[in-house]
Amino acid sequence: MSQVQDYSPSAKDAGTAEDTVWEQKVHFIDSVPRWIAMTFVFVVFVGTWQIVTSLGLVSPIILPTPMETLRDMIFVGQNLLTGGYMLGALWITFKEVVYGFALAIAIGFSLGVLVGETAFGEKAVMPYLVAIDTMPKVAFAPLFVAWLGFGIESKVALAAFIATFPIVVGTAAGLHAADENARMLFKTMGASRMQTLIKMKLPTGLPQIFTGLKIGAVGVMAGAITGEFLGGGKGFGELIRVAASQLNTPRVFSLILYLSLVGLAVFASVVWTQRKLVFWHKEQVGRDDF
Amino acid sequence: MNAEVTHEFSGAPLGTPVYELTHVSKTYARNLVVALEDINLTLRKGSFTSVIGSSGCGKSTLLKIMAGLIPPTKGRVILQGKPVTGTRRDIGMMFQQATLFPWKTAVENIVLPIEIRDGKAAAKQAMAKAHQLLDIVGLNGFENVYPNELSGGMAQRASICRMLITEPAVLLLDEPFSALDELSRDMMNMELQRICREQEATAFLVTHSIQEAVILSNEIVVLKPRPGRIAEIVEVDLPRPRTLDMMTTPKFGAIVDYIRSLLDKGEEM
C-alpha cells in the first residue's frame, strides 16, 4: 500500500489514495433487471392506452379500453380451456401453420440445396426464385383457393408459399458460408461431393439456415391467417374476421393475442432446435433470439 | 515414443527423391497472367524445404499444384513415382488457419480424414492413434474440448495432428503459424521440426518470414515475381537439429541477409 502511495505525487493523506482508484460508472439501464425494464414499458403502454380511451380521444368502437380487452381475453381463455368452439378454430389454424411450415422446410431446403450447391441451380433456377420472391405472395391466395378449395389445403399452401423463400435463401447462403480453407481441406482429404456437403457445408451453414427458418416461421403465421381472411374456412382468422365485421374490437384484440401464442410457439421451437444443433456458434445466443 | 506413430511413412531411405517437379508452369488463361514459369524442384525424403517470395510470386499456386488442387498448364509433378493428377492420400496439408470444425471435438476433428476416407468405424478405431498424436503435440487432456475453447496455438497443434493421422509422405504447409504471435510461432516451429524428424517426413513450407525459413529448412527456394520463377535455391548448412539459439549466430544472420538481398533484387524487376 505504501508503495502505491510513493508513486503518486501528492501522497500525503489517506484521501489521495482513493484518487488513484478508477470509478467505474455503471450506466443506469445496466443496473436494472430486464423484467423491471420490460414491465415499465408495459405499464407505460397500457397507461397511455387507458388515458387515450378514458379521455374519449378515440371512439370505443375503434379502440376498446384495456379493461374491456382483458375481460374479453378471460372469456376467450375460458372458451379455449374448456374446449369450446374457439379451441377447434385454434386447432385448425395451428395445423395450417405446422403443415405449412413443414412443407416450406421440405421445399425450401431442397431448393436451397439445389440453388446453393449446383451450378445449374444457381444459374438457371435462382433467377426464377428471385422473380417469384419479388411478387406479392398474398396475391396468389385466390389462386390457391381456386385450386385447392376452401379447406385448410389452400391456407397451408399460402403459408408454405410465403415461408419457403427465406428458407431457400438461408440454405443457399449457408452452403456458401464455408471458407476456402475448409473446401481445400476437404478436397485434400479426398472427400466426395456428398461428403463435403453433409459433413462440412451443411453444418457450417446451419446458422444461416436457421436465420431463414426463423424468418419463415414468422411468415408461415401471416400466410395461414391471410389465407383464412381471403379463403374463409373455420380457423382463428375467420373468428377474427367475423369479430371485426361485428365491430367487436375487444374480441379482435384478444383473439390476436392468443394467436400470437401459436406463432411464438413455432418460433420458440425453431430457436430451441437451433440451440441444440448449433451449440458451437457464438452469435447463436445473440440479441435476435429473444 | 510409440512405435505405431513413429513408423516410417515409406520404406525409402532418407535422401531419395519424393517429389519431383519438372518444367512446371501455370498460366491463368483468362487474363494471360503467368503465375509460374518453368519450376524445377526435387524434394528428398526427410528434407525440409521452404519457399519464400513476395506476395504474388506464385507461392500459393505452386503449393496448390503440388497438392493436386489445381493442374499445371505445363510440366509434370511426380510424387513417390506416380504423377499427381488430383488430390492424393499421401499428402498432408496445413493452412494458416487451423480450420477445425467447431461442431466436432478436438479428437473428432483429428480423425476426420479417416472418417472421410474409410468411414465412421475406421475413425473410431483411429481414436487411440489420435490420442497418441495429441500427446506428441502436448495437448493431452484436450481430447474432448471443442475448438472454440482452444487458443490459436493449441488449435494449430490439433491441426498438425489431423494432418499426421493419415501418415502422409509429404507435408505441405501453407504459412501454418503466421497467424500466431511470435513467441508461440517460434515454439511451434521447433515442435514442427521435432515432429518432422521423428516421422522422417518430407516437408514443404510456404512462408513470408525469412527467419522462419532459415531456421527450419535444408533448402530455401527463393521465388521472383511476375512471372513466378525460381531465383535461387539456397542451401542452409546450419547443423541439425536447429535450435532457437542459432538465430543469434552470425551465420544465421548472413543467410538471412543473403536471402533478403535476393528478394530485394526480385522486387526491382
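Predicted model: local features only at pLDDT ≥ 70, side-chain atom pairs only at ≥ 80, totals over all residues.
**Ground rules.** Local features here need pLDDT of at least 70 and side-chain atom pairs count only at pLDDT 80 or more, while totals for chains, interfaces and linings use all residues. Residues are numbered from 1 along each chain as its sequence is written, and chains are lettered from A and ligands numbered from 1 in the order in which they are written.

**Entry 1: chain A overall.** I started by listing the secondary structure of chain A and got 12 helices and 0 strands. Helices (H or I, at least four residues) and strands (E, at least two) are DSSP runs, numbered from the N terminus. Next I looked at how spread out the chain is. The radius of gyration of chain A is 27 Å, well over the 19 Å that the globule rule gives for 290 residues, so chain A is more spread out than a compact globule. (That radius is taken over C-alpha atoms, and the rule is 2.2 Å times the number of residues to the power 0.38.) I also boxed the C-alpha atoms of chain A along the principal axes and got roughly 90 × 70 × 35 Å.

**Entry 2: domains of chain A.** I found domain 1 at 1–63 and domain 2 at 76–285; such bounds come from an automatic or database domain assignment. The C-alpha centres of these two domains of chain A are 40 Å apart.

**Entry 3: a helix pair in chain A.** I picked α4(A) (residues 66–81) and α5(A) (residues 85–117), whose axes come within 6 Å and cross at roughly 80°. That makes α4(A) roughly perpendicular to α5(A). Axes are lines fitted to C-alpha atoms, for helices over the stretch in contact, with angles from 0 to 180 degrees between N-to-C directions; under 35 degrees counts as roughly parallel, over 145 as roughly antiparallel, 65 to 115 as roughly perpendicular and the rest as oblique. On the α4(A) side I noted V76(A), N79(A) and L80(A), which meet M86(A), L87(A) and L90(A) of α5(A). Contact means C-beta atoms, placed from the backbone, within 7 Å. By class I get 5 nonpolar, 1 polar and no charged residues there. (Ala, Val, Leu, Ile, Met, Phe, Trp, Tyr, Cys and Pro count as nonpolar, Asp, Glu, Lys and Arg as charged, and the others, Gly among them, as polar.)

**Entry 4: the sheet in chain B.** I traced an open, mixed sheet of 6 strands in chain B, ordered β6-β7-β8-β3-β9-β10. Two strands pair if DSSP finds at least two bridges between them. The edges are β6 (91–94) and β10 (229–235) of chain B, each pairing on one side only. From one strand to the next, the twist averages 20°. Within the sheet, β3(B) (residues 48–52) runs parallel to β8(B) (residues 202–207), with 5 bridges between them; T49(B) has F204(B) as its bridge partner. Helix α2 (residues 59–67) of chain B packs on this sheet, and its direction makes about 150° with that of β7(B).

**Entry 5: other strands of chain B.** I then followed β1(B) (residues 17–28), which is antiparallel to β2(B) (residues 33–44) through 8 bridges. E20(B) is partnered with T42(B) there. β1(B) also runs antiparallel to β4(B) (residues 74–79), with 5 bridges, and L21(B) stands opposite V77(B).

**Entry 6: where the chains meet.** I counted 17 residues of chain B in contact with 13 of chain A. On the chain B side, β6 and α4 (112–118) are the elements giving two or more residues, and α4(B) gives the most, with 3. That side of chain B has 11 nonpolar, 4 polar and 2 charged residues.

Notes: Contact = placed C-beta atoms within 7 Å.
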